[in-house]
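Dear colleague,

Please find below the structure that I am handing over to you.

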Amino acid sequence: MQRVSSAVHRQRKPRDTLPFKIVSVQSAVGMAAALVALLAIDQQAAFSAFSGALVSVIPCFYFAWQFSRVYSARAAQGSVGTLYRAEAGKFGLTVALFAIVFALVPPSNPASFFCAYVATSLAHWLAPWLLRGLVGRRI
């Protein structure tokens, strides 16, 4: 019999999963968008960009949190249903955050808001490609 290394049996921490790394990349892009808006335009545009980034990051963090609960579980049957619920929750959170931002704190610079939202969302889509060196290793 072959001996299995202890690294295989080591429990992964939820923050070590790929979704949390993707959210980290997404957060960095959102902060960069807010900084660019601050330097290029003004404080109100930076706040709008920050709001747009948060509207994208918070739902993704929720999904990553839900994914880490499923990822650590052993039962595969409940995993798919939980992931669908997590994705539905992510979508619902996105809609709710858009409504909250536009109702309570209307962005003074909508272009900055939407540019930061789109850039942060694109970072979420492109993060697995950007982190491809980590995919082959222990994530």
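Predicted model: local features only at pLDDT ≥ 70, side-chain atom pairs only at ≥ 80, totals over all residues.

The chain has a mean pLDDT of 78, and 76% of its residues reach 70 or more. Over residues 3–10, pLDDT stays under 50, and for that stretch the model has 2 contacts beyond four places in sequence.

Aromatic rings

A pair of aromatic rings is described by the distance of the centres and the angle of the planes. The count in this model comes to 9 aromatic pairs.

Phe102 and Phe114 make a stacked pair, because their planes are at 25° and planes under 30 degrees apart count as stacked. The centres of these two rings are 5.9 Å apart. Phe102 lies in helix H4 and Phe114 in helix H5, so this pair ties together parts that are 12 residues apart in sequence. Both residues are partly exposed: the relative accessible area is 36% for Phe102 and 38% for Phe114.

Taken together, ring pairs link Phe98, Phe102, Phe113, Phe114 and Tyr117 into a cluster.

A charge over a ring

Lys90 places its charged end over the ring of Phe63, at 5.7 Å from the ring centre.

Ser48

Ser48 is found in helix H3, which covers residues 43–72. Is Ser48 buried or exposed? Its relative accessibility is 1%, so Ser48 counts as buried. Which residues does Ser48 contact, once its neighbours within four places in sequence are left aside? They are Pro107, Ser108, Asn109, Ser112 and Phe113. With Asn109 there is also a polar approach: a polar atom of the Ser48 side chain lies 3.3 Å from the backbone nitrogen of Asn109. Phe113, another of the residues in contact with Ser48, is also a member of the aromatic cluster described above.

With kind regards

Note on methods: Residues numbered from 1 in each chain as written. Heavy atoms only, no water. Helix = DSSP H or I, 4+ residues; strand = E, 2+ residues; numbered from the N terminus. Buried < 20%, exposed > 50% of the residue type's maximum accessible area, 1.4 Å probe, protein only. Polar contact = N/O pair within 3.5 Å; in protein donor to acceptor, adjacent residues only side chain to side chain. Contact = heavy atoms within 4.5 Å. Phe/Tyr/Trp six-rings, centres within 6.5 Å; stacked < 30°, edge-to-face > 60°. Lys NZ or Arg CZ within 6 Å of the ring centre and 35° of its normal. pLDDT = per-residue confidence, 0-100.
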